[in-house]
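Student: I have a structure open on my screen and would like to go through a few spots with you. Could we take them one at a time?

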Amino acid sequence: MSAVMPGTALPPVIAPDETPASVTRHVGGIVLHLPLGWRWMSGFAVALLLTTMLAAGVAWLLYEGVGIWGINIPVAWSFAITDYVWWIALGMGGTFVSAAMYVTRQPWRGAVNRLAESMTVFAVAVSGIFPILHLGRPWFFYWLFPYPDRMNVWPQWRSSLEWDFWAILAYLLVSIVFLYVGLIPDLATLRDRAASRGRAMVYGLLALGWRGEAQHWRRMESATLMLAGLSVPLVFSVHSMVALDFSEGLLPGWHSTIFPPFFIAGALFSGFAMVLVLAIPMRRLFGLQAYLRDRHIANVAKLMLAAGLWVDYSYAAEIFGAFYGMDRYEVAMQVHRFFGPYAWVFWSTMVFNVLQIQLLWFERIRRNHVAVFVIALGVLYGMWLERFMLIVTSLYADFLPSSWGMFYPTLWDIGFLAGSVGLFLALYLLFSRLLPVLSMHELRKLAHRHNGVAP
Amino acid sequence: MSPLDRLAQQVAEAARTVAPQRPPTFDAGAARRRLAAARGPVFWRSLEELSDDEGFRHWLRRQQPQLAETLAMDRRGFLKLLGASMALAGLAACSRPPQGEIVPFVQGQPGEAGGLPRFFATALPRHGYAQGVLVENHSGRPTKVEGNPRHPASLGATDIYAQAAILQLWDPDRSQAVMHGGTVATWDGFQAALLATAGRMRGNGGAGLRVLTGTVTSPTLSAQLDALLRRFPAARWHVHEPAGNVSGALGTTTRLHLERARVVLALDADFLLDPAAGVRYTRDFVATRSPERTGKNMSRLYAIEPTPSVTGGMADHHLALESYRLQAFARALAGRLGAGGDVAAAGAMEAVSARWLDALVQDLQAHRGASLVVVGTTQPAWMHALGHAMNQALGNVGHTVEYLDTVEKSPAPGGTLADLAAAMHAGTVDTLLALDANPVYDAPADLGFAAALRKVPHLLHLGLYRDETGRRAEWHVPQAHALESWGDARAFDGTASILQPLIAPLYDGRSAHEVLAALLGDEVRDTRALVRRQWQEALSDDADWAAALQAGFIEHTAAATRTTPRFATASELEAAADANAGNDDAQALELLFRPDPTIDDGRWANNGWLQELPKPLSKLTWDNAALVSPSLAGQRQLANGDMVALELDGRRLEVPVWIMPGQAARSVTLHLGYGRHAAGHVGDGQGFDAYLLRTSAAPWNASGLRLRKTGERYPLAGTQHHFDMEGRDLLRVGTLDDYLRDPAFATAGDRFPEPPPSLYPDRPRGEYAWAMSIDLGSCIGCGACTVACQAENNIPVVGKDQVRRGREMHWIRVDRYFEGGADDPRSYPQPVPCMMCEHAPCEVVCPVGATVHDSEGLNLQVYNRCVGTRFCSNNCPYKVRRFNFLQYADQASAALQAQRNPEVSVRRRGVMEKCTYCIQRIEGAHIEADKAGRRIRDGEVVTACQAVCPAQAIHFGDLNDPHSGVAQAKASSRNYAMLNELGTRPRTTYLARVRNPNPALGDEPA
């Protein structure tokens, strides 16, 4: 295969002067040699501070009860579930970039897949905190598990929450394995290049005796293909299950058949945004411009735009459905979204998820990384607001007007959200210094293919 | 408060100062224009939304709810409730059987198993008047009050106060020791002080001795007071009932026969909540409101009142008139009816009033002998005389109204609180004995009572609490609760009851009888012996005594009826009326004082159940507020929660306002009973003290009020925020004509006459199918069901802060919807318990199966299994589920543990709970039926809400039995299921309300 695909004028997916050796030197060096630096240190300090706040919040929550949040009757779900859906959706984009691109053999995937896979694992792990902590009695979360016991109690299989529990579990496990399998050759590289014996031991153990034999490569390739093949349907299943958590309810605004595809679109949308939000600063922080090229950023931005348009279509379909169906409660719910006390949430969602992403139609914008970063941040915010809107505006005013009631968050609601961001960042920053942020072996392959230099 | 909370609060305060909120202003003009433009029945929401002006829209858009209230969790109020009672550990062990033999309502079998509840009949006095009750007793602990079906004031139902009496009994804040000044003393010490008092008085015939009580109907106490006045002829007895009946002061008690009335006019009369007879009157009234039974002879109620009441809410026609305009109207009406009054006044009427006058005269006269004019207790004596004259002229006396010689004991002239205060100021009072009275708090402000007390050397106080008066007293003695003490009292119709104790006094409390016996030097000191001696003649036989105890009242003790009331003379009447006539300045505001709908005159302020019970019309809890009319709010730019300064006769009080639909334009209502500072942990510091503005000259309706907005805001805690039905058919109402034309009018417009099809079986095939029917035509919205349920099911009190956060725990709530314009809308209550859906949306979404269906159709909540996902609540379209967001149930105080129903689990933090149809009662009936090898009989299971309901609006039973009460109720053509279109197939259904408007007045809401 040539450096540039025949018949297209696309820029190369890797800088022309990169060789397999330079890839290893550069990417491996981030882990093995690069000093921590004030930027990493200060970022990690902030993340740790937020994580500490989350830990304090969790302790207080366990001591006092979920009443420390602003939830009430009728709005019995709010920030915690919003945060959960938001985080798990962020993982989706990562898996999709990595697995679907792998299955479809997209060459530019090599530079972003590690970043996306690790993001997935951490986002799903962080998201898992919320469904457990939002329980009134979190210490009994394992009751969702069908374990044998004397009283023959069993989970309730009609509840989407039960299926959601399984979906998250499966997804988290597959994501971890997927990430790990891809890491193995790189771990071996680190093992071989580690300066200290301790590091060599640790990486060596993790590398599972990888020697780079053709047999190893073949097995890894087929394992990756299988896992990728497994991950893609899981992306759809897990987010469909998240959607069914709501569609199963009969509330206006929840009870909707379009939710599963709608949620998948939203998940991809925010997932791509998160890839961009991570990749753009990482690229600068670790000097990865040679691998994460303008083309990568522009490609993900295009994907984000595409997913965004799919989301926007869902918005339109939902509103159309309400007024076409003329169900009294659906219409009232939509009118509340437009004009009610939470209208600012709706309109902000429209600005962030519908209007601003239209800028990405312009190549100039796509090539301006600051602009893309800002837009992606806006999408993340917009998608959080969208989930908040879906949850709260359906709950606060449902069937009996006598029971309508507002939700006001407490500082703890905000603290848990900020703390979860802190935890995610802390995990990610740690990862960036302990494991290669880009897939060295895939980049070597690209360098070899495109620049034709022997490893 | 924890440091974290403090930090959170500081940040929240900072956030508030950074983002100041502009409160929405309510434009009454705009609202009216919008309403005028609207077509069809207009239901509306909170007033700000009704107004729908651009400013409000703008505010809504700008408002970030996120920032509006990042309040730190105020755990103080909550902890106050919890820790109300730490001092009482081990108290349960102190309860013991009462002294003297008491007699259960139904005699238990010899050798009966322990642990089963037993019922004892007794009576609970309210404002001195007895309400017959049956008290459930678990192993010596009274836990629940039910009405006494045979007692004339109860007929099996009770009001909210009888329900809350249990919590009052077990209230850890009750006075627990005799106090001499600030130190703990003994009963013997107090008796010595009484002996010294008697010694001082012996020389001067008791000059300087004053006794103050509330209303007295107790024959024993009456006799003791008589003996006291005989022994000390110069002593004086004063009566002070802060929210009492003034008509009794005329020497005549009016006895209404609402069951015989076809047309009723209530002039500022809330007879359905009458303290003495409200429960009975409610039963009598709703008997005339069931179209199945009455057909076209359904009664019609007109209500004219300055401030909306529960009775006004039941009216077919409601007119909001300021007190002075109401009185002018009454005079004009009396004139037209040929009952004195002022014929000329009719000419000066406004158009609406004139239309009403014509319609009323016509309707009342068309039903001579079957009509009834009721004048409220808050109206002056001359208005009552006018009412009597109208009834006389309409030939109603002896039919719909009777007179009784007053049941209350009346003091000699000069026996008012004002007379007492004057004597105290004059320095002629040596010893004041206050028996169950709290004048330091609830005396009118103009009497300067607290100041006058400084001139009284000896204040002796007997009270349930060491309240404001108890703290000023030389001697304070804890009073035995009515459930702890022997006694007697009369009901509104004179029927006497013996009060028997259910438990020995928890804190060595004493009765008023004991105190007076000690003062009199009576050789009999024991309360039971005193009561027994009083009834020696009537109940000479021990068997009669036992029968009276068992029945809960004494046969043939009702007062004799008469057809002529003893009135003020006609000339006095005219003079009073004329003196009043000048007082109709259209620009002035009037201030109305009313007893609070839940904590009454303040004596229930420390009762968490009543504090948290939403007020029937405003749905506010834990506070009183100045109720203002929408038009006044529009004029003065007032929003709910704005602080205003009320000035009356130079006295000033700052209170928050609440915009009350149906309030007369120029009337401002302030409820009594709040703003206490020595009520206890629960009641202290809640609300605002209306007594500071009240005068003895105008105890109910005072003119010359000045109201000014201060710019401050005050947080009020309501349980309902939207009173508009949004055009949904949740609460269905039709007129009598609608009903007669199509008895099934309620379901005629249903889009889905049958619930949508389902794959699940329609109904489980159990032996029983429990179900409930609620008659909206009968429900008056008093809230007794809510308190009864709270008592029966160990429902915790959560406090104002948690109510503000939308976390109240009531299993059955009473919603209220308004229809029509804000100035004078119709209002409808709707009790909402669990609907026990056949296809319950809550069940399918629980991941652990903590809420399941049983074979008898009950939707069960398994607390032990619940992990607290709260999906069930989200998915409940009726929003009847309640969640323990925090540890609400007090697990620390022994007294409150002793109060609980042992048959109902106390729920812990983190679990969901909801109405169970009183499953413990169903199971009890199951056990009894199984033992006897028979089916459960209809009426054997009575839910707490059903039992307490004065209107008998709730039917419960087995649908599999076609003859059961509930099956018959559901067979009514008025039966409908709320939100039927969702396919939930609720077991709780409603009977549509039927109104009976007068065609002559038109049927558009004002």
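Student: Where does Pro146(A) sit?

Tutor: Pro146(A) is in the loop between α4 and α5 (160-193) of chain A, where helices (H or I, at least four residues) and strands (E, at least two) are DSSP runs numbered from the N terminus. This is a predicted model, in which local features need pLDDT of at least 70 and side-chain atom pairs count only at pLDDT 80 or more, while totals for chains, interfaces and linings use all residues. Residues are numbered from 1 along each chain as its sequence is written, and chains are lettered from A and ligands numbered from 1 in the order in which they are written.

Student: Is Pro146(A) buried or exposed?

Tutor: Pro146(A) is exposed, with 12 other C-beta atoms within 10 Å; a residue is buried if 20 or more other C-beta atoms lie within 10 Å of its own, exposed if 12 or fewer, and partly exposed in between, with C-beta atoms placed from the backbone.

Student: And what is Pro146(A) in contact with, leaving aside its neighbours within four places in sequence?

Tutor: With those set aside, Pro146(A) is in contact with Trp154(A) and Pro155(A), contact being C-beta atoms, placed from the backbone, that lie within 7 Å. As for Tyr329(A), it is 183 residues from Pro146(A) in sequence and 37 Å from it in space, C-alpha to C-alpha.

Student: OK, helices. At what angle do α4(A) and α8(A) cross?

Tutor: The axes of α4 (residues 109-133) and α8 (residues 259-285) of chain A cross at roughly 120 degrees and come within 10 Å; the axes are lines fitted to C-alpha atoms over the stretch in contact, with angles from 0 to 180 degrees between N-to-C directions. The two helices are therefore oblique to each other, given that angles under 35 degrees count as roughly parallel, over 145 as roughly antiparallel, 65 to 115 as roughly perpendicular and the rest as oblique.

Student: Which residues meet there?

Tutor: Val112(A), Leu115(A), Ala116(A) and Met119(A) in α4(A) meet a set in α8(A) made up of Met274(A), Val275(A), Leu278(A), Ala279(A) and Met282(A). By class, this contact of α4(A) with α8(A) has nine nonpolar residues, no polar and no charged, where Ala, Val, Leu, Ile, Met, Phe, Trp, Tyr, Cys and Pro count as nonpolar, Asp, Glu, Lys and Arg as charged, and the others, Gly among them, as polar.

Student: Last one: what is the strand order in the open sheet of seven strands in chain B?

Tutor: The order is β5-β4-β16-β15-β14-β6-β7, with mixed pairing, two strands being paired if DSSP finds at least two bridges between them. Strands β5 (183-184) and β7 (236-239) of chain B stand at the edges with a single partner strand each, so one side of each is left without a neighbour in the sheet. Further in, β6 (residues 209-213) and β14 (residues 431-435) of chain B run parallel and are joined by four bridges, and Leu212(B) has Ala434(B) as its bridge partner in β14(B).

Definitions and conventions: Two residues are in contact if their C-beta atoms, placed from the backbone, lie within 7 Å.
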